[in-house]
Amino acid sequence: MKPTLRPAVIIDNGSTQLYPPLSPVWVERQLQEDGIRWERGALLQNPPIQEPYREIATASGLRAKFHLRFLDGLKTPIYTEKDITSEGNSAIRIGIFDSDGNMIKEGPLSKAKVEMLVLSGDFCNDGRESWTEEEFNSHIAQGRHGQGFVLRGDCIVWLNNGEASFGGTVRFKEGSSRTRSRKFVIGARVCVDGKTDERVQEAVMMPVTVLDRRNEASEKRHPPELDDEVYRLEEISKDGVYSKRLKEVQIFTVKDFLKALNKDANKLREVLRIKNRSSSWGKMVKHVRECSLTDRHELIAYRNEAASVVLFFNCVYDLVGAEFSGVYVERDNFDAANKALANVLKEHACSELDSAPFSYVMNGCLPVPVSSSENSLVSIPIVAPEAALQG
């Protein structure tokens, strides 16, 4: 069966015109449509290859010769109307560098005027490390209703020999929850009235969440710190029933909670009146175990003469290892017999931990005594190895 040729329909200025098959207009229209169909098919079979990011040429060249760089990271969590500081609780520093990574200590750039500002959290989320001035400026975050900037305070500094500190009060006026990414990026640029002929690429930090200060009182910490109040842990509210029950047994901080957990998890659960398989209990334990003890090397040592065993506990009473007949073994490397013996001796030791001194420190993977005195070791009731294994 031969295909039916239909007339071409063309609408021009509101009027409809019909052109019979094989007429010049009809042929031209068919060629146009066939070309479009062919092009679409070619694109589907051979989609265009996306080129990697290439920095857009600007009046100042393809790539900036100089760039600003923050010399510190931000201390988190960050709250509105709270001073922002570096991870070391000091002022945030910034410097200016050349393309070789050397700080510029002389010339006009070494004393440039620099301002700190805030960008939307999705700026450069594709991982690239360079951008144009126009791209940077287009991502500057505006305050609510497009009025003003997100930061307040001493946001402008003058470089001195290539670096400076934002030593005054710098605070977020509002949180990042209203933004699409729910994050902000702190950036810095050479001020408009302090620019030179050379482009200086702006500095940016990693995206951060800015929380409302009204939630600070009950905000959970990830990871928690030893000195944090116990209600910073998941499932424990500031004035809730769990918090009150813990206070009744003198558990006020994350450190107190960890000590009680490591000494006797079942007893702690009884204090909270919480079931073993409760999701609340699981969340509490998982959260408190995030606490970092990296810089805490002090150890409590307990010796059982009859068993020729010394148990070593860290600052939150977690058993980290033991010395069996003079040979130190990390807890994760205990065999079945060592584990059984250590568990029995641990029950005896736990009642004495609160009054025991820190007599050892962890040096690498081995405990080292801080004193050669045998009196630095707190003895526990002697339990023979056979009795321990049978118990």
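Reader: How many aromatic pairs are there?

Author: The model is a predicted one. Ring centres within 6.5 Å count as a pair. By this rule the count of aromatic pairs comes to seven.

Reader: Are the rings of Phe123 and Trp131 stacked or edge-to-face?

Author: Their centres lie 5.2 Å apart. Planes over 60 degrees apart count as edge-to-face. The planes of Phe123 and Trp131 stand at 70°, so this pair is edge-to-face.

Reader: Is Trp131 buried or exposed?

Author: Buried means under 20% relative accessible area. Trp131 has a relative accessible area of 4%, so the residue is buried.

Reader: Which residues form one aromatic cluster with Phe123?

Author: Phe123 is itself buried, with a relative accessible area of 5%. The residues that form one aromatic cluster with Phe123 are Trp131 and Phe136.

Reader: Which strands hold Phe312 and Tyr328?

Author: Phe312 and Tyr328 make an edge-to-face pair, 5.7 Å from centre to centre with 70° between the planes. This pair links distant parts of the chain, 16 residues apart. Phe312 belongs to strand β16 (residues 309-313), and Tyr328 to strand β18 (residues 327-330).

Reader: Over which ring does the charged end of Arg69 sit?

Author: Arg69 lies on the uncovered face of β3, together with His67. The charged end of Arg69 is 3.9 Å from the centre of the ring in question, that of Phe97.

Reader: Which residue of β5 stands opposite Leu68?

Author: Leu68 is on the covered face of β3, with Phe66 and Phe70. β3 and β5 run antiparallel and are joined by five bridges. In β5, the residue opposite Leu68 is Ile96.

Reader: Which strands stand at the edges of the open sheet of four strands?

Author: The order of this sheet is β8-β6-β11-β13, with antiparallel pairing. Two of these strands have a single partner strand each, so one side of each is left without a neighbour in the sheet; they are β8 (156-158) and β13 (203-204).

Reader: What is the bridge partner of Glu115 in β11?

Author: β6 and β11 pair in the antiparallel sense over seven bridges. In β11, the bridge partner of Glu115 is Arg189.

Notes: Residues numbered from 1 in each chain as written. Predicted model: local features only at pLDDT ≥ 70, side-chain atom pairs only at ≥ 80, totals over all residues. Heavy atoms only, no water. Pairing = 2+ DSSP bridges. Helix = DSSP H or I, 4+ residues; strand = E, 2+ residues; numbered from the N terminus. Buried < 20%, exposed > 50% of the residue type's maximum accessible area, 1.4 Å probe, protein only. Phe/Tyr/Trp six-rings, centres within 6.5 Å; stacked < 30°, edge-to-face > 60°. Lys NZ or Arg CZ within 6 Å of the ring centre and 35° of its normal.
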